[in-house]
Amino acid sequence: NKSSDSFWSIIREQHHAGQILFELKNVRLLRADHILQLANYLRDPLLHFGVLVTRNAPHASAAKKARSVLDRSGDIILILTDDDIVEMLRVMANGEDPSRSLSHIYLAMVRAP
């Protein structure tokens, strides 16, 4: 995580994420136990930010579990779906920065009640 982009700077500085962990889940429905598995990996001192890529929108319990990980430990787990990846590719094809899409997903997660 050496990017000078503002989104990645926030992740590095505010969340002390020296590395970014990506996990791909090829499942129909992302569940809370998938979030817990990634949260366990984030216990490493350099890992406080994870991106979980999955096919479809997560089950409500999985989204709540990702938020509870933030509340409990301060670790961030962003959930990206196929639709999010397609949007990022569209943004990039238009010559724009796809990390802006990540920033929107991040803000929605951290601002969720």
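1. The axes of helix 4 (residues 82-93) and helix 5 (residues 99-111) approach within 8 Å of each other and cross at roughly 140°. The two helices are therefore oblique to each other, given that an angle has to be over 145 degrees to count as roughly antiparallel. These values, like those in the points below, come from a predicted model.

2. The contact between these helices brings D84, E87, M88 and V91 of helix 4 against S101, L102 and I105 of helix 5. By class, the residues of this contact comprise 4 nonpolar, 1 polar and 2 charged.

3. The strands form an open sheet of 3 strands in the order 1-2-3, with parallel pairing. Strand 1 and strand 3 (76-80) are the edge strands, each pairing on one side only. From one strand to the next, the twist averages 20°.

4. Strand 1 (residues 19-25) runs parallel to strand 2 and is joined to it by 6 bridges; within this pairing, Q19 stands opposite L47 of strand 2. The parallel pairing of strand 2 with strand 3 extends over 5 bridges, and here G50 faces I77 of strand 3.

5. Two helices may be described relative to the sheet. Helix 2 (residues 32-41) packs on the sheet and touches strand 1, strand 2 and strand 3, its direction making about 155° with that of strand 1. Helix 4 lies across strand 2 and strand 3 and runs at about 85° to strand 3. Strand 2 itself is mostly covered, with 7 of its 8 residues buried.

6. In one of the pairs, the ring centres of F7 and F49 are 6.4 Å apart and the planes stand at 70°, so the pair is edge-to-face. Because F7 lies in helix 1 (residues 6-15) and F49 in strand 2 (residues 47-54), this pair ties together parts that are 42 residues apart in sequence. Both F7 and F49 are buried.

7. F49 also pairs with W8, again edge-to-face, at 5.9 Å centre to centre and with 80° between the planes. W8 lies in helix 1 and F49 in strand 2, so parts that are 41 residues apart in sequence are tied together by this pair. W8 is buried, as is F49.

8. Which residues form the aromatic cluster? F7, W8, F49 and Y106 make up one such cluster.

How values were computed:
Residues are numbered from 1 along each chain as its sequence is written. This is a predicted model: local features need pLDDT of at least 70, side-chain atom pairs count only at pLDDT 80 or more; totals for chains, interfaces and linings use all residues. Side-chain values use heavy atoms; hydrogens and water are left out. Axes are lines fitted to C-alpha atoms, for helices over the stretch in contact, and angles run from 0 to 180 degrees between N-to-C directions. Helices (H or I, at least four residues) and strands (E, at least two) are DSSP runs, numbered from the N terminus. Angles under 35 degrees count as roughly parallel, over 145 as roughly antiparallel, 65 to 115 as roughly perpendicular and the rest as oblique. Contact means heavy atoms within 4.5 Å. Ala, Val, Leu, Ile, Met, Phe, Trp, Tyr, Cys and Pro count as nonpolar, Asp, Glu, Lys and Arg as charged, and the others, Gly among them, as polar. Rings of Phe, Tyr and Trp (its six-membered ring) pair if their centres lie within 6.5 Å; planes under 30 degrees apart count as stacked, over 60 as edge-to-face and the rest as tilted. Buried means under 20% relative accessible area, exposed over 50%, partly exposed in between (1.4 Å probe, protein chains only). Two strands pair if DSSP finds at least two bridges between them.
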